[in-house]
Amino acid sequence: MTLTQKPDQAEPPAGSRRPGMFVRMSPDDKQRVQYWADKRGYPSASEYAAEAVVEKIQRENLDYDLPTLEIARLNQLVDEVKALSTNSANLERVVTQGFDSLIGLTRGDNYLLDDEDGELS
């Protein structure tokens, strides 16, 4: 794709919002631009191309909104990291309690080792 600046005119045509540019592109690219311009309801392929250039510049400047799917995926990843953190804390607690129980059994101060007196208390 090659872009060339259109020479400035004495007066822009009435109703023109932007200065014009010539764009050279392959026939396949031109057909795609026309297809998407028609599909998105743009009045012309030039308007679609102008909007595409503005959007590309915004992306280059990292100034764009995240699409809904990207936000949903990011939220899902954050939730998964939170769940993994919780699981890790639970696993740490279980292992610590298990070792405390084993140490208690080796010392002989566990309530399970007490003599039974026949009472169900």
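## The model and its overall fold

This is a predicted model, in which local features need pLDDT of at least 70 and side-chain atom pairs count only at pLDDT 80 or more, while totals for chains, interfaces and linings use all residues. Residues are numbered from 1 along each chain as its sequence is written, and side-chain values use heavy atoms, with hydrogens and water left out.

The protein chain holds 3 helices and 2 strands, and, when it is read along the sequence, these elements follow the pattern β-β-α-α-α. Helices here are DSSP runs of H or I with at least four residues, strands are runs of E with at least two, and both are numbered from the N terminus. Of the 121 residues of the chain, 3% count as buried, where buried means under 20% relative accessible area, exposed means over 50%, and partly exposed lies in between (1.4 Å probe, protein chains only).

The expected span of a helix is 1.5 Å times one less than its number of residues. For helix α1 (residues 27-40), which has 14 residues, this gives 20 Å, and the end C-alpha atoms are 20 Å apart, so the two values agree. Helix α2, with 16 residues, should span 22 Å, and its end C-alpha atoms are likewise 22 Å apart, which agrees. Helix α3 has 40 residues and reaches 59 Å from its first C-alpha to its last, close to the 58 Å expected at 1.5 Å a residue.

Gly41 follows α1 and has a positive phi, near 80°, whereas α2 is followed by Leu62, whose positive phi is near 55°. After α3 comes Gly108, with a positive phi near 90°.

## Aromatic pairs

How many aromatic pairs does a search of the whole structure find? The search finds 2, counting rings of Phe, Tyr and Trp (its six-membered ring) whose centres lie within 6.5 Å, with planes under 30 degrees apart called stacked, over 60 edge-to-face and the rest tilted.

Tyr42 counts as partly exposed at 30% relative accessibility, and Tyr48 counts as partly exposed at 21%.

## Salt bridges within the helices

The structure holds 3 salt bridges, each defined as a side-chain nitrogen of Lys or Arg within 4 Å of a carboxyl oxygen of Asp or Glu. Arg32 is bridged to Asp29, with the closest N and O atoms 3.0 Å apart, and both residues lie in helix α1, 3 residues apart, which is about one turn of the helix. Asp29 is partly exposed, as its relative accessible area is 30%.

In helix α2 (residues 45-60), Arg59 and Glu55 are 4 residues apart, about one turn of the helix, and their salt bridge brings the closest N and O atoms to 2.8 Å. Arg59 has a relative accessible area of 44% and is partly exposed, and Glu55 is partly exposed at 44% relative accessibility. Lys56 forms a salt bridge with Glu60, with 3.3 Å between the closest N and O atoms, and these two are also 4 residues apart in helix α2, so about one helical turn separates them. Lys56 counts as partly exposed at 44% relative accessibility, whereas Glu60, at 55%, counts as exposed.

## The surface

The accessible surface of the chain comes to about 11300 Å², of which 54% belongs to carbon and sulfur atoms; such areas come from the Shrake-Rupley method with a 1.4 Å probe, and for residues only the protein chains shown count as cover.

Leu62, Tyr64, Leu66, Ile71, Leu74 and Val78 make a nonpolar surface patch of about 590 Å². Patches are made of residues with over 30% relative accessible area and no salt bridge, where like charges are joined within 9 Å and nonpolar side chains (Val, Leu, Ile, Met, Phe, Trp, Tyr) within 5 Å. Within this group, Ile71 has its place in helix α3 (residues 68-107) and is partly exposed, with a relative accessible area of 37%.
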